[in-house]
Amino acid sequence: MLRFAEEIMLLLLDDEGGDFLHVSDWSLRCALAGAVLMDLALENRIDTDLKQLVLVDATPVGDDLLDPTLARIAAADETHDAAHWVHQTARNSDQIRDRALARLIDHGILERRDENFLWVFKSRRYPAVDGKADREVKLRIMGVLFSDEIPDPRDIVIVCLAEACGIFQALLSARELATASARIEQVRKLDLIGQAISQAVWDIETSLAMAMHPPM
């Protein structure tokens with residue numbers, strides 16, 4: 001079974017070109033951080049409520065996507081809320097992204113292609129090898145958005161992460177997004193870490209906007 005960070009990268013993948021849909025850099029960083037925290041929660045290593053994220057079990061999972069964050073939580077001198085750990089883990093989002101992509105390549109789901117442009121600039125693409133895993137993730141999430149069925153806990157997580165980093169704005173047409181917006185909000189409220197991620201993204205983007213456009 002894929003980890004949430006891997007599924008987020010597959011949701012972002014352009015099926016045709018092997019490039020990734022454009023979303024806000026900070027939003028994606030927070031979403032990848034949230035993906036790790038949510039996997040740790042499902043592994044019964046952490047738990048969270050509206051006020052705090054607590055360590056349940058410091059035993060390593062044996063997974064290089066999750067264990068570095070688990071170790072940092074276990075080493076903390078005091079308890080913090082989920083938003084704090086979203087911010088802290090987002091600092092390591094480059095490593096999380098790179099590990100997720102490397103694992104998708106190892107699974108035989110993606111391949112990496114480095115291409116030169118004008119003999120100077122190099123671009124990197126990740127075309128799907130057969131597209132099965134990519135399609136499966138997207139079909140699952142579309143099924144959640146456009147039905148009234150009770151979603152699987154894993155699909156709730158993916159909807160929260162995708163909403164937090166703006167994937168749906170890039171993935172859906174304007175009409176589809178308008179149709180699904182109420183359902184997205186309904187599903188998003190089912191997960192406390194998802195709410196913390198959304199709040200962390202909002203706080204970061206608000207801070208950036210104020211820094212770029214300070215009040216007169």
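Mentor: Aspartate 63 and arginine 103 are both buried. The model is a predicted one, and in it the two residues form a salt bridge whose closest N and O atoms are 2.7 Å apart. Aspartate 63 sits in the loop between strand 2 (53-55) and helix 3 (67-75), while arginine 103 belongs to helix 5, so this pair ties together parts that are 40 residues apart in sequence.

Arginine 103 also meets the side chain of aspartate 64 in a salt bridge, at 3.0 Å from N to O. Aspartate 64 is in the loop between strand 2 and helix 3, and arginine 103 is in helix 5, so parts 39 residues apart in sequence are tied together here. As for burial, arginine 103 has a relative accessible area of 19% and is buried, whereas aspartate 64, at 44%, is partly exposed. These residues are part of a network of salt bridges that links Arg3, Glu6, Asp39, Glu43, Asp63, Asp64 and Arg103.

The whole structure has 16 salt bridges. One further pair is arginine 29 with aspartate 94, where the N to O distance is 3.2 Å. Arginine 29 lies in helix 2 and aspartate 94 in helix 5 (residues 93-106), so the pair ties together parts that are 65 residues apart in sequence. Arginine 29 counts as buried at 19% relative accessibility; aspartate 94 is partly exposed at 30%.

Arginine 45 gives a contrasting case. This residue is in the loop between helix 2 (25-42) and strand 1 (46-48). Arginine 45 is buried but has no salt bridge, and the nearest side chain of opposite charge, that of aspartate 57, is 4.2 Å away. A polar atom of the arginine 45 side chain does lie 2.6 Å from the backbone oxygen of threonine 59. Beyond its neighbours within four places in sequence, arginine 45 is in contact with residues including Leu40, Val54, Val56, Asp57, Thr59 and Leu70.

The largest nonpolar core has 57 residues, and Leu10, Leu37, Leu145, Val159, Ile167 and Phe168 touch the most other members. Helix 2 supplies the largest share of this core, ten residues. Leaving aside neighbours within four places in sequence, leucine 37 is in contact with Ile46, Leu53, Thr69, Ile73, Ala82, Trp85, Val86, Thr89 and Ile193.

Conventions:
Residues numbered from 1 in each chain as written. Predicted model: local features only at pLDDT ≥ 70, side-chain atom pairs only at ≥ 80, totals over all residues. Heavy atoms only, no water. Helix = DSSP H or I, 4+ residues; strand = E, 2+ residues; numbered from the N terminus. Buried < 20%, exposed > 50% of the residue type's maximum accessible area, 1.4 Å probe, protein only. Lys, Arg positive; Asp, Glu negative; His and termini not counted. Salt bridge = Lys/Arg side-chain N within 4 Å of Asp/Glu carboxyl O. Polar contact = N/O pair within 3.5 Å; in protein donor to acceptor, adjacent residues only side chain to side chain. Contact = heavy atoms within 4.5 Å. Core = buried A, V, L, I, M, F, W, Y, C linked by side-chain atoms within 4.5 Å.
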